[in-house]
Protein chains: 4
Amino acid sequence: MADGRDYSHDGPTEKCGVVGVSLADRNAARPLYYSLYALQHRGQESAGIVTHDGFQQHSHVDMGLVGDVFDEDDLDQLNGPAGIGHVRYPTAGGVNNCCAQPFSVSFKSGALGLAHNGNLVNADELRDELESLGHAFTSSGDTEVIAHDLARNLLEEDLVRAVKRTMERIHGSYSLTIMHDDMVLGVRDPQGNRPLCIGKVDDGYVVASESAAIDTLDGELVRDVRPGELVLLEKGGTGFDSYQLVEPDNTAHCFFEHVYFARPDSIIDDNLVYEVRRNLGRKLWEESGIDTDVVMPVPDSGRAFASGYAEAANEDEEADGVEFAEGLMKNRYVGRTFIMPTQDERERAVRLKLNPIKSTVEGKTVTIIDDSIVRGTTSNQLVDLLRDAGAEEVHMRIGAPAIVAPCYMGIDMASREELIAAGQSTEDVRDVIGADSLSYLSIDAIADVLGQSRADLCLGCVTGEYPYDIDGEPTDRDVERPTVGERTLADD
Amino acid sequence: MADGRDYSHDGPTEKCGVVGVSLADRNAARPLYYSLYALQHRGQESAGIVTHDGFQQHSHVDMGLVGDVFDEDDLDQLNGPAGIGHVRYPTAGGVNNCCAQPFSVSFKSGALGLAHNGNLVNADELRDELESLGHAFTSSGDTEVIAHDLARNLLEEDLVRAVKRTMERIHGSYSLTIMHDDMVLGVRDPQGNRPLCIGKVDDGYVVASESAAIDTLDGELVRDVRPGELVLLEKGGTGFDSYQLVEPDNTAHCFFEHVYFARPDSIIDDNLVYEVRRNLGRKLWEESGIDTDVVMPVPDSGRAFASGYAEAANEDEEADGVEFAEGLMKNRYVGRTFIMPTQDERERAVRLKLNPIKSTVEGKTVTIIDDSIVRGTTSNQLVDLLRDAGAEEVHMRIGAPAIVAPCYMGIDMASREELIAAGQSTEDVRDVIGADSLSYLSIDAIADVLGQSRADLCLGCVTGEYPYDIDGEPTDRDVERPTVGERTLADD
Amino acid sequence: MADGRDYSHDGPTEKCGVVGVSLADRNAARPLYYSLYALQHRGQESAGIVTHDGFQQHSHVDMGLVGDVFDEDDLDQLNGPAGIGHVRYPTAGGVNNCCAQPFSVSFKSGALGLAHNGNLVNADELRDELESLGHAFTSSGDTEVIAHDLARNLLEEDLVRAVKRTMERIHGSYSLTIMHDDMVLGVRDPQGNRPLCIGKVDDGYVVASESAAIDTLDGELVRDVRPGELVLLEKGGTGFDSYQLVEPDNTAHCFFEHVYFARPDSIIDDNLVYEVRRNLGRKLWEESGIDTDVVMPVPDSGRAFASGYAEAANEDEEADGVEFAEGLMKNRYVGRTFIMPTQDERERAVRLKLNPIKSTVEGKTVTIIDDSIVRGTTSNQLVDLLRDAGAEEVHMRIGAPAIVAPCYMGIDMASREELIAAGQSTEDVRDVIGADSLSYLSIDAIADVLGQSRADLCLGCVTGEYPYDIDGEPTDRDVERPTVGERTLADD
Amino acid sequence: MADGRDYSHDGPTEKCGVVGVSLADRNAARPLYYSLYALQHRGQESAGIVTHDGFQQHSHVDMGLVGDVFDEDDLDQLNGPAGIGHVRYPTAGGVNNCCAQPFSVSFKSGALGLAHNGNLVNADELRDELESLGHAFTSSGDTEVIAHDLARNLLEEDLVRAVKRTMERIHGSYSLTIMHDDMVLGVRDPQGNRPLCIGKVDDGYVVASESAAIDTLDGELVRDVRPGELVLLEKGGTGFDSYQLVEPDNTAHCFFEHVYFARPDSIIDDNLVYEVRRNLGRKLWEESGIDTDVVMPVPDSGRAFASGYAEAANEDEEADGVEFAEGLMKNRYVGRTFIMPTQDERERAVRLKLNPIKSTVEGKTVTIIDDSIVRGTTSNQLVDLLRDAGAEEVHMRIGAPAIVAPCYMGIDMASREELIAAGQSTEDVRDVIGADSLSYLSIDAIADVLGQSRADLCLGCVTGEYPYDIDGEPTDRDVERPTVGERTLADD
């Protein structure tokens, strides 16, 4: 497909990638541009860069892929050694210009730029409160709410305290890169829901959603930004200051970043995503391995899982040993402009995207490995494809637990009605998909592989219990969470 | 040229056209679209429409000509019988997305949309004041300042009083169309600097920068909006309410609308622009008529002036009678994408835009009539062209006084350095241009033809004295003007 | 409208403009580019330039306006001091890429480029004949037929004889610019139906459809290419050679070039188009002048006619004297991307394009002057508009005879069914249009003003009798015309 | 990258993919469209479809990817149950419109459409010969030469004999799909250099470059078109007729299709490409396996080779067993619009495309597997990347022999100067690349895996001896080849 993303996987969609850079005396625009390329998988709807040259802010934000949004001239006009960048995924409810980021505003004490990955759960309350104080908003996004709140706090406080005050008021998941004039900040929510990390390059420092962006700049990963931490990159790229502004009791890391979103070559919260996936694959064999003639990944999403699964199978002395094969070939050209086939051509369209290699399937028992099942439509088509190609049995093994509830933390997963596993047993799902057997990975395996307790993970989408107060949804009770809105502007 | 505008005239550029429509039960989008087409000459950089369907606001704003910005789908999505529209001219200092209008914000009591033609002289003070109260701005434009101020006032006052309070605070020239939810308003500044008029169509009412927009909708011009007046279009298109919110001592109508900007078929402040131009042409003959073999307009800007001038000449019993001829042919295809000629092809480029008809020029004495001279470069080229074509003498007559100072009221005229007549006598200008004689029209003739006293006109660009307090510029002393910022929010 | 063309005039459409340039040591691309701009009114569908640098041919041809088809890089790549160019009008039956010109082919003795204005009447016979000899065609256009025929003849003859042989075989109207390698030729058909002229610039020679293209290059018109003449521009721009290859008995100049197509500032067959139009206007007064309060042109097409008409009226001692006024204002922005109004908005759309100035019309008797009536739809709308604006009487005077038959000579006039005057009396047409009176100009007046005998004009569209043998149409009998296809390739 | 193609692999580029379809009573356009999607990897420069509805030909050809070239309307207008399609790769020497295919011409007996994959070695001679007979060419491509020759033969012969005559005259590699009116043909050159196969769908038959296109239509592969065979699809999709028009002594199948170009899921000349690559990987271990800590493919091109290599290694009882890992992560978004980094950012750009996973590399000995080395630049960068990531040793194993000579058979490989292995020993190449060891696969292994004798393969690029007579290159002497141009038109 045009953007290389695995759309044959009926997967969830992550809303954003963020980056911030502060350098000695080189313009930040190009490093930001290459970083956004490295984060493109986190958002293909819009891209933007905001820089500051010490005197004024420069901004270029538009709809489209990074490569389409910027040309040489655009980069040349984005002056200044400090800047932030953003890529954004389409949200349900419409693509539109107004929500492209970074969001920038000017206010009493200067210019603010914000790039946000995540989702606030109390944005509406804050918006109402700010509107009561006379604020007017140009968009319906969370980011503008954060920007206004921060601008307001900056009237009375210094930068660090103003950020702290805003962090005490906003509730939900957020990894932010912020520019206050030419000062670049990185902020991660107290539960550390979305990833954010710090990197060092030759002549400066970087904060980015994923370490792969730092690799792209030939830099070194320093460490993850800690939940509740503010990182302030020094001007001139000489270092960074850390402020632990909120002390969380528990974290709520999103396990799905590891399963699906993040690049395999990124290190998130000390885990290399590729290794996590391989180990999840190994666990999958341990929990529900089945002897079949051949094991094949759904490309590209299931590849690392399948490799771990097959490896574990071959090390398992009780097993017969499995053949690992690439039996499904993916057409990387099927993209957004693709003309949908008519009803009777529907089946052809699936084979256009994913074509089974008959010789590796025909007359064989087959296990296919994928990372997750969201709506289940593609899984169903895959099973049919393999049966048409002559598979005797088709077993499906999934490297994550069943997704039974929506995500409110910034991932456009699907509504509860669309989730195939919401309110259905695994046997029901298996039946709909048409597989001979179906197994998901256990939640404990996830926690185990990530080296985290369940209490430190956000498991909302697989348990239906959330680490945040969400209207109409149960809370993850055994965990103490900070309450929303402890202090309001009225207190000041 | 591509947009039909007379770029061969090195003219000033008007910043905007505005329109507002409230209808019975038809969508406002198409009437707004056709109105913007009728106002396209007032702005070619961006176009936008905002409508409201009683429940929510719909907005479509983009860079480009009206015909390029909207397609059928866009119009279909702009639901609701009430709406406003805007076309915008490029300002000095860069074309950019953020300043396209209408500007829309949501705030405590609903949604606001604003379309602005004019220029505030105290925008910076107001912005500072609002920023002190915590407001954050996404653009550097006046319009956002007005929107924030109005939103703030609407927290405490009803719509009419809120507008009145904002009008007491903003200072400068403005014709505004405003939407507060599905209520459409038209507001004209107390000096009536920019035009704004009211029209009636079959099923509703319209406010627009020029009456030609009303003609386009097959409507009737009701009257001009009065200086300092707020016009509130009733929902359902049944009528309009008028509130004289500020009572001005004097007006400051822009005479240049009549000379250059407005369409000839518009009626502005009770004067048909075409007739004004013809009468200015007649005055021009009276004041500085000269007997030459042929009189020719600079197309298209000088045509009405030349027709009045020639008519007066032929009625003048002491004169020999002149031949009126179209001796300069304009190429309407030369547009924005035109590749500039190399240095030695420069002269050819002028003839590409404007070609003299040799037979009407050769061996003759020629008078060319234009509406105004700004930078003088085109005038110079014209004189050269005519001499090359064999003209024995070339006299230039201008239907407006010499422009000696910049405009601060919303017209991107040119800087003082660029104005050929700033600090130069008419004889100096004649010399630079290379004409055998040059005469401008007197200021008194302007006032006379418009039927206004000089004290009721804004003559800043031809006198250097302004009817508003502008940093570093003298005020037009003999006129009492309202003072800026009589009341501030702090008073409330 | 976007391209400045008078589409409010329901006029015929000319198919093409051609140009050829040979210079000393400057690249021909830019002069060709500026020439095509000057000829843009002759075709807006596609534009193209082919040059030759002595070694190889360079070509850039694409759909769109000149300004859109070429950028700086395109011009820079079109190397060589010799070249030809073409602009093309959409033909009935579809816009398509394949017919954009110049058409270029390589063949045994080199490379050919052809740009064609006109229409062959025996293209199908020639195509069949060439196909019998094995030729395969990539387009359905005349130009490819001419190119193949010429290429074939060049196998056996020198350039001049090959052109002569082709001229003896092709029948119809054609003005061609041709490149054989870096040799530039201009050829005009034996009847001189389409215009073509020769010009001199500082460092070379030009052949072009209209002299305005030569003006644009700051050159001098040398003379028209004679009917049946081949002009061969010398390499190095040092001069040109003339070969009178066919000696015609009579010419068949298209009078409609003067009435409608050509630029007013072009000189065609020794007549300045602007003067022709003024004189036709004078004749119009003489033949059918009527005393009304005001005379107004349909802009822009009727302007020169109306000016002559009003002048004659005012010189006429028996007449009361008329007021000439611009009572109809044209919106130059209404272009191709215009969204068509719904049925009930139709009337508004007319006023969007052409708005009457009420004060010059209301309560008055009005004469409107236009150049021609083709389908009559706009004329009808105009009369309605003026009546709505309060005109007491509306009289229409047309500067050409009634168009009663289609054009087969390269103008996409309309089919016979669409022509309002085909098979209807002037009184019938007047009734349909709704005017109080309607008069056309006589054919004799046309011949008189052009200084030609009727036998030397192509009057097919106003008489229905053609100077060429056209299937199903009568021939203009009193004139001896050369017979088609006197010699065929089989003779050789 | 944007198109999913492995540009990090400095690989050769295939010129084309072709397809032809004849159906019962469904339009062929959509099946052709989906087929071209399946063949998109064979050409991204242009795409085109030509159909015939029994009465007339319809064509849509443009520059760009399949998804960009066609929209719904385009497909809807391509009427008729028979058609052919083409995708094309940029050739050295410029992208241009004229060479996009299918190429279509009309001639005496109807309309011809041609889509060509391959390269003629005697195109210039044929072109000269045809030009001597008066033919004129619009492009410099081979395809137009074939079209003209075929059109010419069709004047005298029936379709099958005309194709035979043309096949006897053209020399080189070609897989053609041809339309003569609504008759669809597939032709493969006598040496079978380029692939072409026949498939059956529910309601018709297909010829296509690769069987994956047939899979996409949910069809069944019937068999390869035989070298020298003409396949004529019956109208109505009822079957196909076969004519063995030329009987070759030896074939000259391109082994590089298997190594690099073709999709892994295609079956070419009875071999499944995926299996071929796995088996080549196995041979590679046998010939030059080396014990290292980890074996990793260059994604995606080396994956199947590496999988076979690792499998063989693990089966090898004398070896220690290797870990197969995905240690290089590819960014699929880096595409054509990518802004090239400045000199000092060059290294970063490589990591943007291909990022090593440190943990799988650091402190380890590494073998990387790729399919081929052309220019060697990427290989060099890869070795550097791995060393930077801490690899102790980097060994490179290549699944094909060293490429030492250019391809004249339709692949834009590189010039001899650009080929790193041309004139250099493997040790030299290893030194330039900086690897600790480097081994290519033997030519015998290729022949062995493909089950062909060397005499039946085209090995020009790895031996420098070609199975065709190419100016300035040695012929593969031990093989008898048909001589070019045995009969000329002059014979007829």
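1. Helices and strands here are DSSP runs, helices of at least four residues and strands of at least two, numbered from the N terminus. The model is predicted. Chain A has 16 helices and 26 strands.

2. Start with chain A as a whole. Of its 492 residues, 66% are buried. Chain A exposes about 15900 Å², and carbon and sulfur atoms supply 44% of that area. Now take the contacts in chain A between residues at least 6 apart in sequence. Of these, 71% join residues at least 24 apart.

3. Look next at the surface of chain A. Asp124(A), Glu125(A), Asp128(A) and Asp471(A) form a negative patch there. Asp471(A) sits in the segment after helix 16 (460–463) of chain A. Is Asp471(A) buried or exposed? Its relative accessible area is 77%. The cut-off for exposed is over 50%, so Asp471(A) counts as exposed.

4. Move to chain B and find helix 15, residues 443–450. This helix is mostly covered, with 6 of its 8 residues buried. The buried ones are Ile443(B), Ala445(B), Ile446(B), Ala447(B), Val449(B) and Leu450(B). What do they pack against? Their partners in chain B include three helices by name: helix 8 (256–261), helix 9 (273–288) and helix 16 (460–463). Strand 17 (271–272) and strand 26 (457–458) of chain B also take part. Just after helix 15 of chain B comes Gly451(B), with a positive phi of about 65°.

5. Now the charged pairs. Side chains of opposite charge can pair when their charged atoms come close. Over all chains, the structure holds 144 salt bridges. In chain A, the side chains of Arg165(A) and Glu157(A) meet in one, at 2.4 Å from N to O. Arg165(A) is buried, at 7% relative accessible area. Glu157(A) is partly exposed, at 24%.

6. Glu156(C) forms a salt bridge with Arg165(C), and their closest N and O atoms are 3.3 Å apart. Is Glu156(C) buried or exposed? Glu156(C) counts as exposed, at 55% relative accessibility. Arg165(C) counts as buried, at 6%.

7. In chain D, Asp448(D) and Lys283(D) meet through their side chains in a salt bridge of 2.5 Å, N to O. Asp448(D) lies in helix 15 (residues 443–450) of chain D and Lys283(D) in helix 9 (residues 273–288) of chain D, so this pair ties together parts 165 residues apart in sequence. Asp448(D) is partly exposed, with a relative accessible area of 47%. Lys283(D) has 19% relative accessibility. Buried means under 20%, so Lys283(D) counts as buried.

8. Some salt bridges join into a network. Which residues does it link? From chain A come Asp300(A), Arg303(A), Glu326(A), Lys330(A) and Arg332(A). From chain D come Asp300(D), Arg303(D), Glu326(D), Lys330(D) and Arg332(D).

9. Finish with Glu229(D), in strand 13 (residues 229–233) of chain D. Glu229(D) counts as buried, at 0% relative accessibility. Set aside its neighbours within four places in sequence. Glu229(D) is then in contact with Gly186(D), Val187(D), Arg188(D), Arg223(D), Asp224(D), Ser242(D), Tyr243(D) and Gln244(D). How far apart in space are Glu229(D) and Leu450(D)? They are 21 Å apart, C-alpha to C-alpha, and 221 residues apart in sequence.

How values were computed:
Residues are numbered from 1 along each chain as its sequence is written. Chains are lettered from A and ligands numbered from 1 in the order in which they are written. This is a predicted model: local features need pLDDT of at least 70, side-chain atom pairs count only at pLDDT 80 or more; totals for chains, interfaces and linings use all residues. Side-chain values use heavy atoms; hydrogens and water are left out. Patches are made of residues with over 30% relative accessible area and no salt bridge: like charges are joined within 9 Å, nonpolar side chains (Val, Leu, Ile, Met, Phe, Trp, Tyr) within 5 Å. Accessible areas come from the Shrake-Rupley method with a 1.4 Å probe; for residues, only the protein chains shown count as cover. A salt bridge is a side-chain nitrogen of Lys or Arg within 4 Å of a carboxyl oxygen of Asp or Glu. Lys and Arg count as positive and Asp and Glu as negative; His and the chain ends are not counted. The place of a charge is taken as NZ of Lys, CZ of Arg, CG of Asp or CD of Glu. Buried means under 20% relative accessible area, exposed over 50%, partly exposed in between (1.4 Å probe, protein chains only). Contact means heavy atoms within 4.5 Å.
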